[in-house]
Amino acid sequence: MLRTEPGAPAASATTDAMPAATVAPTNGVAGANGAVAPSAGTVALMKFLATQKDSVDTALEAAVDASVAPAGPETATISDAMKYSLRAGGKRVRPALTLAAASLFGGEAGMAAAMPSAVAVEMIHTMSLIHDDLPAMDNDDLRRGLPTNHVVYGEDVAILAGDALLALAFEHVAKATEGVDPRRVVSVLGVLGACVGARGLAGGQVMDLESEGKGDGEVTMETLTWIHTHKTAALLVASAVAGATVAGASDEDVGRLRTFATKIGLAFQIADDVLDVTSSSTVLGKTSGKDEAVNKVTYPRLLGLDGARARAEELVAEAKACLDVYGDKAAVLSELADFIIERRN
Ligand code: GRG
């Protein structure tokens, strides 16, 4: 049964089309819907997203439908709950990373081969957001501009919807990846597993929870970097590595992408910490000011706002240097790196 708080948009759970992504670089002019027009520096990325974003959303929807086929009343609630958080939007940064990496090494064919991996990383990410918002974790009621999954469906169903998305990510890569050497597919499955586990999302989140309420002296820059390398960067690394792997990249190229994504992953978290201080819940689509409310040690707290911004810029510059060897062919990945610290939400 759908459990909806008064005012929660129950209709969203049964809407057919996913909303437009809010990938909106902040170095342009704000549009009417809060999205931002691209500046000249983001042309390759915006063109890329214009062609890929709908494909990702359609593939996400189709993958959930396939997982419950033949659809019936038995799977209606779990399917609705899974789709609710996927349809709520999000910037789709991780699938963009997978497809851009695949495009670099395999062109159009590489991207087609990487679509199941792109879908999988978004499912894993969405699962992590659903679980992160639970009362036992961050206990939040706003995500992607909508009531969180557990507010709408109840805690029990939200946990299970996250679990189902996580399981489906692996099932989908295994079943839907076509025209790729099976050893590469197995390698992607391993990379995805690693990014979720004890040295990935789960382990990073545990360290994060253990650090809450501790003072600056106890949570050093080294600890903070460990947390975010695992909690945030690991999935961006897996996204890039999966795309490169299915597209046939060499070990050396995969290694370069790994370093690139680790750096943008950390920069992503620094940008997130900065936005938590400087932005509003309306713009973010999630509760702002949360870090201070739970007395969390963050990059701005350890480095100051300007110091945190400078560190993020430094990381993005280092990340982009990893791409130098590819020249203009890596324009989309390079612009994605810029976007990660220029974003508004
Ligand atoms: C259940 C195995 C298992 C793991 C989950 C809850 C958890 C463990 C980990 C938390 C991971 C997490 C939420 C990290 C924060 C990463 C982050 C900055 C997310 C925001 O990503 P955006 O801005 O979000 O790309 P959108 O909504 O745009 O997709």
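The entries below go from overall checks to single residues.

**Entry 1: confidence**
I started with the caveat that this is a predicted model. The chain averages a pLDDT of 88, and 88% of its residues score at least 70. I flagged residues 1-40, where pLDDT stays under 50. For that stretch I still find 76 contacts beyond four places in sequence in the model.

**Entry 2: the overall fold**
I get 14 helices and 2 strands for the secondary structure. The chain has 345 residues, and 48% of them count as buried. I also looked at contacts between residues at least 6 apart in sequence: 72% of these join residues at least 24 apart.

**Entry 3: around the ligand**
Which residues are closest to the ligand? I list G90, K91, H131, D132 and Q205 as the closest, out of 18 residues that surround the ligand. Next I asked which elements give two or more residues to that shell, and got α3 (93-132), α7 (201-211), α8 (221-246) and α9 (251-278). Helix α3 gives the most, with 6 residues. By type, I sort the shell into 6 nonpolar, 7 polar and 5 charged residues.

**Entry 4: α7**

**Entry 5: V254 in α9**
I picked V254, which is placed in helix α9. Leaving out residues up to four places away in sequence, V254 touches V241, A244, T245 and A249. I also took the C-alpha distance from V254 to F105, which comes to 9.9 Å across 149 residues of sequence.

**Entry 6: α2**
Helix α2 (residues 73-87) has 15 residues. From its first C-alpha to its last I get 20 Å, close to the 21 Å expected at 1.5 Å a residue. The buried residues of α2 are S79, D80, A81, M82, K83, Y84, S85, L86 and R87. They pack against α1 (43-68), α3, α4 (149-153) and α5 (155-176). Just after α2, G89 takes a positive phi of about 110 degrees.

I then zoomed in on Y84, which lies in helix α2. With 28 other C-beta atoms within 10 Å, Y84 is buried. Y84 and V152 are 68 residues apart in sequence, yet I get 9.2 Å between their C-alpha atoms.

Most residues other than glycine have a negative phi, and most peptide bonds are trans. I went looking for exceptions to that.

Where is P70, which has a cis peptide bond from A69? P70 lies in the loop between α1 and α2, and omega for the bond from A69 to P70 is near -5 degrees.

N139 has a phi near 50 degrees, a positive value in a residue other than glycine. I place N139 in the loop between α3 and β1 (142-143). With 14 other C-beta atoms within 10 Å, N139 is partly exposed.

N295 also has a positive phi, near 55 degrees, and is a residue other than glycine. I find N295 in the loop between α11 (290-293) and α12 (299-303). Is N295 buried or exposed? I count 12 C-beta neighbours inside 10 Å, and since a residue with 12 or fewer is exposed, N295 counts as exposed.

**Entry 7: to keep in mind**
For residues 1-40, I'd keep the pLDDT under 50 in view.

Technical notes:
Residues numbered from 1 in each chain as written. Predicted model: local features only at pLDDT ≥ 70, side-chain atom pairs only at ≥ 80, totals over all residues. pLDDT = per-residue confidence, 0-100. Contact = placed C-beta atoms within 7 Å. Near = placed C-beta within 6 Å. Helix = DSSP H or I, 4+ residues; strand = E, 2+ residues; numbered from the N terminus. Nonpolar A, V, L, I, M, F, W, Y, C, P; charged D, E, K, R; others polar. Expected span 1.5 Å × (residues − 1). Buried ≥ 20, exposed ≤ 12 C-beta atoms within 10 Å, placed from the backbone.
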